[in-house]
Amino acid sequence: MSENITIPPTQYADYPALMPPAELAAMQRYARRDPDGFWLQQAKRVHWHRKPKHGFTGSFTGDVSISWFEDGLINASVCCIDKHLTDKADQVALISHREDRAEAEKITYAMLHERVCRLSNALVHLGVEEGHRVAICLPMISEAVVAMLACARIGAVHVVLFGGFSAEGIAERIIDSGAVAVITASESMRGNKIVPFKAIMDEALCKAGAESGVRSVLVVRTSDAPVPMLPGRDYDFHDFVDSFEADFVPVVMRAEAPLFMLYTSGSTGKPKAVVHATGGYMVWAAYTMGMVYHHQPGDVLWCTADVAWITGHTSVVYGLLANGGTTMISDSLPSYPAPGRWLDLVDEHKVTMLFTAPTAVRAMMADGDDVVNARNLESLRLLGVAGEPISPDAWLWYHDVVGKKRCPVVDTWWQTETAGIVLGPVPGVQPLKPGSASTPLPGLEMVIADTQGRPVQGPAEGSLCIARSWPGQARTIWKDHARFCQTYFGMVPGHYFTGDGARRDADGYYWITGRMDDVINIAGHRLGTAEVEDALAADHRIVESAAVGIPHPVKGQALAVFVIQRQNVATELTEKGISRLISGMLGRYATPEAVYLVPDLPRTRSGKIVRRLLRKIASGEVDNLGDLSSLNDPSIVRMLCDRVWSHMAFDEGATPRTQARA
């Protein structure tokens, strides 16, 4: 069994290990013995305008409060840029590859400083002040990184929005955040499809109407196509920004001042904005990236995540630049215009560390070994994954075929709320187990809790919790601290509940078993089932719906939706129409894998929908549906099975349980 494989660090004799195993063990002991002393030591990784003398202040009980380095003063852009200008001004900080450009942009730390300062001056000219929120909705271009750092420099709170969101989704987030300015693009290409960023943003601002506080929109022209501009509100990014001074004195921030808000799906309806503080986040980002993706001179890290996700915030921008490395971004797709496109870019830009999602690994596997073997890939020395659990088989393929058995694979687990890697190996130091997220980094105290919320020692399976605060921990949910306390601290008293299940083996290695609430992880994008159901509820033709996650061979999970149509409506629903409705309301990433129009749903006698049955039926796992005695009408189950089976394409002799979805 591949789950029983352990690969010793001695296999990677040529890998420049960060430290000897004994030193890592000493770090872990020190962190347990003196947490504040440990984290104050780690705080030296970043530049402080006033160094902190206090570590953690707060409590995980009652009205939860979290504060780190509260007496420190800091600016995140200084940590990422100014700190390196003395000795790395001419080193490339950012490589920006765009598919429609003949050559990639290579931006040095000195050039990045200039661009960030110009945009800082421009934003202040437009009336953006410390504490104001700025919405950033851009493709993976250099201006996205510049925009984030410019907000940090002036003390504004950036809210990065995914380009795949619908106009409704963007409008909701702009209203909720209270953004006063927007930075977006005219359009972008995703393969052979045009994504009309500006048109979607215009529609979003129109939908937001009087509830929007947006006064200014900066538009990066990414093509020669005409762009409708609203006089007095819209500005051509470079025509406007490039005229400002290339110097800006950074605003000195309190360590607990918010740096950014990032929306993440919840299990109860409306998406929630998680708030991260400047000082703790910067220490955490520099620490976690330094431990797992330790930069050597000449290294190039390509984390393929969009900056709209926490992985992009920490691994593409803040953690990487705080450590003085070279980061790469690209708007390319892994297999367009031909399979192996990302591997071509690895060779072209001499990428040494490739960090991607298990979805991308599975897609490369599907392209075949020959595609990988046709590339050189000799520059690679470290491979990484995050966003969802990776199967041992996919891990081994990534390690053996892409990494040629000479590159460690760091499988990491973290969340928007944790801001950086929580579980993950220190490569070249610890043994690796394919499919396991390894062990907690020093300074993290992980707990497995049983069904009664009690911590369990030794090998165990249950709810994954964290017993003690860490600097990068989210401070609250924007405008809803009560929800923050209930969501993350109500399960196990005095502990942070991650929402994920996990098992811990006899060696202390953790294996993530999946979400324990109704949040679906689609190729690393978290989607709350309540969001889907709320979107469908807006259509008067729909009586009720239920959304569930099902296994998917490439995406990890996919969305399946059961819909009850209202009778006697003028325009009848179709399953394709429902799919378009969901993607139009929530974004393309939310497009269902399957939609089923049904007359009813399985319910308890109290009327509660039994979602575990829907998950099993939609997945074809009907050989053990469990006890049906609590159902109000057990015959509904057979009807649903028949409806789902009729949608599946079966190979001759296949069974619903084993049949892969076409």
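Select Val422 together with its neighbours: Val422 touches Trp284, Trp413, Trp414, Thr439, Pro440, Leu441, Leu444, Met446 and Ile466, leaving aside residues up to four places away in sequence (contact means heavy atoms within 4.5 Å). The model is predicted, with local features needing pLDDT of at least 70 and side-chain atom pairs counting only at pLDDT 80 or more, while totals for chains, interfaces and linings use all residues. Residues are numbered from 1 along each chain as its sequence is written, and side-chain values use heavy atoms, with hydrogens and water left out.

Val422 lies in the loop between β20 (409–411) and β21 (helices, H or I, of at least four residues and strands, E, of at least two are DSSP runs numbered from the N terminus). Is Val422 buried or exposed? Val422 counts as buried, because its relative accessibility is 0% (buried is under 20% relative accessible area, exposed over 50%, partly exposed in between, with a 1.4 Å probe and protein chains only). A C-alpha to C-alpha distance of 9.5 Å separates Val422 from Ile466, 44 residues apart in sequence.

Next, display the second largest pocket, which holds about 510 Å³ of space. For pockets and cavities, a 1 Å grid is laid over the protein atoms alone; a cavity is a set of points where a 1.4 Å probe fits but cannot get out, a pocket is an open set with protein on both sides within 12 Å along at least five of seven lines, and lining residues have an atom within 4 Å of a point. Of the 24 lining residues of this pocket, Arg32, Pro440, Leu444, Met446 and Tyr510 lie nearest its centre. Elements giving two or more residues to this lining are α1 (21–33), β21 (446–449) and β22 (455–456).

Now select helices α10 (residues 278–292) and α11 (residues 310–322), which pack at about 90° with axes 8 Å apart. Tyr281, Met282, Ala285, Ala286, Thr288 and Met289 of α10 meet residues of α11 including His313, Tyr318 and Leu320.

Turn to helix α17 (residues 529–537), where 7 of the 9 residues are buried, so the helix is largely enclosed by the rest of the structure. Among the buried residues of α17 are Glu531, Val532 and Glu533.

The largest cavity, about 50 Å³, is lined by Pro334, Gly340, Trp342, Leu343, Met364, Asp367, Gly368, Val371 and Val372. Around the second largest cavity, about 30 Å³, select Val160, Leu161, Phe162, Phe165, Leu262, Tyr263, Ala308 and Trp309.

How values were computed: Axes are lines fitted to C-alpha atoms, for helices over the stretch in contact, and angles run from 0 to 180 degrees between N-to-C directions. Grid points are joined across faces, edges and corners, and a volume is the space filled by probe spheres set on the points.
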